[in-house]
Amino acid sequence: MSSITSRPTVISASHLQKRYGDFTAVKDISFDVPAGESFGLLGPNGAGKSTTMRMIGGVSQRSGGNLTIMGLDPEEHGPEVRAHLGVVPQQDNLDEEITVRDNLIMYGRYFGLTRSYLKPKSEELLEFAQLADKADNRVSALSGGMKRRLTIARSLVNDPKILLLDEPTTGLDPQARHILWDRLFRLKERGVTLILTTHYMDEAEQLCDRLIVVDKGEIMAEGSPSQLIREYSTREVLELRFGTDRNATVGQELQGIGDRLETLPDRVLIYADNGEAALEQVTGRGLNPITSLVRRSSLEDVFLRLTGRSLVE
Ligand SMILES: Nc1ncnc2c1ncn2[C@@H]1O[C@H](COP(=O)(O)OP(=O)(O)OP(=O)(O)O)[C@@H](O)[C@H]1O
């Protein structure tokens, strides 16, 4: 099997910038995505992820930098670029008053696809989205997770090589998120390049081969989830809760335990490769947290290390 890095680059962004008046939403974003990769933009609300996606999708003009999709500049070759892209926006914009199947057909017609192509295609996509039994229902009768799956099915009507997903599971319950992730894995298996934004660290860890951590319009770090965790965190984290007032003051007494300490309003985090050994040191000093938990490091810890803030505030 060819390694992912030897595959052709399908998206190349170089020093992307977007200004809204005096405000710079995207300051300097560069990345290359090879075909078939699942690439993520992870960052908190307002980091500039959607703005970057809109520039890739060709619906927002960039203020600076270069961008090519399959070798073409989306601002100069909008229709050709859009023919390669499937776009799943942050907000579902389905037609609520028509049926599930008709949403697919109408969207395809808008793309100029023929009815004879769309008839079998819509059935295939309904199967893929696990919505075949809802085909004749109005969209207004679907759950949030079903609507998301329909939006994804709709984005696939033109067999895109690249799928842009802006916050694909925001607002969904855990079960609906897992069903959706499973569908995205299948697309990845078929060789579709996935570009997704998320502020959920677990989503980034599950879905992304590689990602950039974005904050305030800039890239803070880049790598695979495991590379980033290795580089910016310890293997384990000991989470301690001492009570609201005590959390803020106990830091002094914990000095020297583990590699690093973070004090959050509701807990203290001790970064250590061996969390249990760190906990023994804590109790050995006569400090008795109300609760303690040893867990593996996550991308949330990477973000905290890079910015001093939580991803979800
Ligand atoms: N049309 C606009 N005019 C002015 N400012 C904007 C506009 N669109 C976005 N912004 C600002 O640009 C910044 C980045 O927004 P963007 O939507 O790209 O962030 P994000 O990382 O996608 O977060 P979210 O998940 O909340 O959408 C924010 O401060 C936002 O308020």
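1. K216 is found in the loop that joins β8 and β9. Its phi is near 50°, a positive value in a residue other than glycine. K216 is partly exposed because 15 other C-beta atoms lie within 10 Å. Burial is defined by counting other C-beta atoms, placed from the backbone, within 10 Å of a residue's own: 20 or more make it buried, 12 or fewer exposed, and counts in between partly exposed.

2. On provenance, this is a predicted model, in which local features need pLDDT of at least 70, side-chain atom pairs count only at pLDDT 80 or more, and totals for chains, interfaces and linings use all residues. Residues are numbered from 1 along each chain as its sequence is written.

3. The protein contains 12 helices and 13 strands. These elements are DSSP runs numbered from the N terminus, with helices being H or I of at least four residues and strands E of at least two. Along the principal axes, the C-alpha atoms fill a box of roughly 75 × 45 × 45 Å. Of the 313 residues in the protein, 39% are buried. Two residues are taken to be in contact if their C-beta atoms, placed from the backbone, lie within 7 Å. Of the contacts between residues at least 6 apart in sequence, 69% join residues at least 24 apart.

4. The protein is divided into domain 1 (4–230) and domain 2 (234–296). These bounds come from an automatic or database domain assignment. The C-alpha centres of domain 1 and domain 2 are 39 Å apart.

5. The ligand is surrounded by 13 residues, of which Y20, A25, N45, S50 and T51 are the closest. A residue is near a molecule if its C-beta atom, placed from the backbone, lies within 6 Å of it. Both β2 (23–34) and α1 (49–56) supply at least two residues of this shell, and α1 gives the most, with 3 residues. By class, the shell has 4 nonpolar, 7 polar and 2 charged residues. In this classification Ala, Val, Leu, Ile, Met, Phe, Trp, Tyr, Cys and Pro are nonpolar, Asp, Glu, Lys and Arg are charged, and the others, Gly among them, are polar.

6. A nonpolar core is a set of buried Ala, Val, Leu, Ile, Met, Phe, Trp, Tyr and Cys residues joined through C-beta atoms within 7 Å. The largest has 60 residues, and I11, I56, A153, L164, I195, L211 and L299 touch the most other members. Not counting residues up to four places away in sequence, I56 touches I11, L67, I69, P74, L164 and I195. A second, separate core of 14 residues includes L254, I270, A278 and L279.

7. I162 belongs to strand β6 (residues 162–166). I162 counts as buried because it has 22 C-beta neighbours inside 10 Å. Leaving aside neighbours within four places in sequence, I162 is in contact with V10, I11, H84, L85, T193 and I195. The C-alpha atoms of I162 and T234 are separated by 34 Å, the two residues being 72 residues apart along the chain.

8. Which residues of helix α8 (residues 225–232) are buried? They are P225, L228, I229 and Y232. Seen down the axis of α8, these buried residues fall within an arc of 100°, so they line one face of the helix. The arc is that of the directions from the helix axis to the C-beta atoms. The face turned away from the buried side of α8 carries the exposed residues S226 and E231. The cover over the buried residues of α8 includes α7 (201–207), β8 (210–215), β9 (218–223) and α12 (299–307).

9. In helix α11 (residues 275–284), the buried residues are G275, A278, L279 and V282. Down the axis of α11 they fall within an arc of 100°, so they line one face of the helix. They pack against β10 (236–241), α10 (251–254), β12 (268–272) and β13 (291–296). E276, E280 and G284 are exposed residues on the face of α11 turned away from its buried side. Just after α11, G286 takes a positive phi of about 80°.

10. M70 is placed in the loop between β4 (64–69) and α2 (78–84). Although not a glycine, M70 has a positive phi of about 50°. M70 counts as buried because 20 C-beta neighbours lie inside 10 Å.
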